[in-house]
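Trainee: I have the file open and some time. Can we go through it together?

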Amino acid sequence: MSVDPRIKQALREEDVRFRIMADCAPVALWMAGLDAKCTFFNQFWLDFTGRSMEEELGDGWAEGVHALDFQRCVDTYLTAFNARRPFKMEYRLRRHDGEYRWILDHGTPYFTADHRFAGYIGSCVDITERKHAEDAAREMNEVLERRVADRTTELQKANESLEAFSYSVSHDLRAPLRHVQGFIHLLERDAGDRVGEKAKEYLHLIADAAKRMGRLIDELLEFSRMGRVELSQSRVNMEDLVRDVVQFTAGDIGQRTVVWEIGPLPAVHGDPSMLRLVVENLISNALKYSRYRSETRIAIGSSPAENGKSVFFVRDNGVGFDPQYAGKLFGVFQRLHSSEEYEGTGIGLANVQRVIERHGGKVWAEAILNQGATFYFSLNEAREEP
Amino acid sequence: VIERLKRILLVEDSANDVALTLAALEEAHLANCVDVVRDGAEALDYLFRRGAFCNRETGSPVAVLLDFKLPKVDGLDVLREIKADPGLKLIPVVMLTSSREEPDLKRSYQHGANAYVVKPVEFHAFVDAVKEAGRFWAVVNAPPPS
């Protein structure tokens, strides 16, 4: 049976058109037959590898694949080929100048008009630059992560030694202090009637100073404990907690007029006894610094949770503080008022900050001098009960 | 003769604490009954009547006031030895410490301490604590059941 020469001519023309198209393409192209052997490489491919068509045909092209990528490459190719599925693979291919370049190879099975499998057509792009950028980014990330881990360890160590230091200082300071107080007592007991009024007054002053130092040491110990003790977290109903604390403080209020404005307050996830400490501290501060108002107003409220955190506030109409010293509020033994004016050691807010930060929250304050202060803290929303 | 055997053993390395404890025991009228040793090794020598104490009169103290932190052999080890000895283990031991640390307390009770006193900073409280510790003396001083 002879083929119409016009069809032959048309097929030849089709073939030429394909060649021209393939050779002008700005990517490397290849074709493989039914036996998975390559039957064609376009000019871009041949220019890239610097090899001849004869060298590349069949399995010749695989000689240019990097030894480390070879097996993976062959496996991917044959697996896809046998399943007649498209594939994508990355491998290093030797360029004409001997440099291995990263190639993204995309192979697709093709079928004749009557749906018979005829082989594969593939296209390749050089992704070396992208690969390098990715590697650099990954390396940078690793370096950064390592650095963060190192810093964290350093910080933890520094923190631990600081804890140990503050503990041993406060612990070891207690003994001599106990001695001072003990001997003052014995002196008063044994020589009380022989010392003059002035001397008695001095003894009292020594005793008071020692007592105050004892309080500072105990509070420092407590502060250090607060940093070390493990949190035992559960659902905490803040409104119940606040109302409970307010009721407890009623005894300290005496004849004062205090207008409370409480809640509604959401539940949070936290350590109940530690959060009680926070609330007690803030409320007792609010009461303390508003004691000379004819009418004390204290509001405890919250704003709706954002990003899983609820923000609470305790607002009073007391003496407030100069906002420029706001940063000093939360430091250990930092005070903005003299202890003659307002009693206290200055560790309360440091404890508040420590507890809140250990809960992953933040604490901050706003105030206007002589008009009152507002303390804010954020805590994690209560979790769904299992 | 019997009275002389009713001793309290105070094991305390700090001279100041010894003076204060004796003063506190004095207020409880117990100061004359106290023997003082200054470290854990001495305490064990005293209790086992060996070394410098090999000629000590026989009989165990009615109570031991034992400081937690001691030179040489520390308080916890002394406690352990007392509680491991069949002849000594019934002596009430009161641990004295300036520590409020919970592990100390737990370890003391695990090793059989009969009481645990945190030396308070306030002298009045200290006197009370020592008197409380001395109550073992009073308890043992009561006529024994016949």
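Trainee: Which residue in β5(A) is the bridge partner of A:M31?

Mentor: A:M31 has A:I121 as its bridge partner. Before we go on, this is a predicted model, in which local features need pLDDT of at least 70 and side-chain atom pairs count only at pLDDT 80 or more, while totals for chains, interfaces and linings use all residues. Residues are numbered from 1 along each chain as its sequence is written, chains are lettered from A and ligands numbered from 1 in the order in which they are written, and side-chain values use heavy atoms, with hydrogens and water left out.

Trainee: OK. In what sense do β1(A) and β5(A) pair?

Mentor: Antiparallel, over five bridges, with β5 covering residues 117-126 of chain A. Two strands count as paired if DSSP finds at least two bridges between them. Helices (H or I, at least four residues) and strands (E, at least two) are DSSP runs, numbered from the N terminus.

Trainee: And how many bridges are there between β4(A) and β5(A)?

Mentor: Nine, again in the antiparallel sense, and β4 is residues 100-111. One of the pairs is A:Y110 with A:G119 in β5(A). Five residues sit between the strands of that hairpin, and A:H115 has a positive phi near 65°.

Trainee: Where do side chains go in a strand?

Mentor: In a regular strand they alternate between the two faces of the sheet.

Trainee: Zooming out, how many helices and strands does chain A have?

Mentor: Nine helices and 12 strands. Chain A has 386 residues, and 39% of them count as buried. Buried means under 20% relative accessible area, exposed means over 50%, and partly exposed is in between (1.4 Å probe, protein chains only).

Trainee: What share of the contacts in chain A comes from residues 24 or more positions apart?

Mentor: Among contacts with a separation of 6 or more, 62%. A contact means heavy atoms within 4.5 Å.

Trainee: Give me one residue as an example. What is A:T49 in contact with?

Mentor: Leaving aside neighbours within four places in sequence, A:T49 touches A:E56, A:L93, A:R94, A:R95 and A:H96. A:T49 belongs to helix α2 (residues 43-49) of chain A and is buried at 8% relative accessible area.

Trainee: Next topic. How many salt bridges are there over all chains?

Mentor: 28. A salt bridge here is a side-chain nitrogen of Lys or Arg within 4 Å of a carboxyl oxygen of Asp or Glu. One of them joins A:K37 and A:D59, with the closest N and O atoms 2.8 Å apart. A:K37 is in the loop between β1 (28-32) and β2 (38-41) and A:D59 is in the loop between α3 (53-56) and α4 (67-83), so the pair ties together parts of chain A that are 22 residues apart in sequence.

Trainee: Is A:K37 buried, exposed or partly exposed, and what is its relative accessibility?

Mentor: A:K37 is partly exposed, at 35%. A:D59 is partly exposed too, at 44%.

Trainee: Which salt bridge does B:D17 make?

Mentor: B:D17 meets A:R178 at 2.6 Å, N to O. B:D17 is in helix α2 (residues 15-27) of chain B and A:R178 is in helix α5 (residues 128-191) of chain A, so this pair joins two chains. Both residues are buried.

Trainee: How far apart in helix α8 are A:E280 and A:R276?

Mentor: Four residues, about one turn of the helix, and α8 spans residues 272-288 of chain A. In general, an α-helix has 3.6 residues a turn, so residues three or four places apart point the same way.

Trainee: Last one: where is the kink in α7(A) centred?

Mentor: On A:Q247, with an angle of about 25°. The bend at a residue is the angle between axes fitted to the seven residues ending there and the seven starting there. Helix α7 (residues 238-253) has 16 residues and reaches 22 Å from its first C-alpha to its last, close to the 22 Å expected at 1.5 Å a residue; that expected span is 1.5 Å times one less than the number of residues. Its buried residues include A:L241, A:V245 and A:T249. After α7(A) comes A:G254, with a positive phi near 60°.
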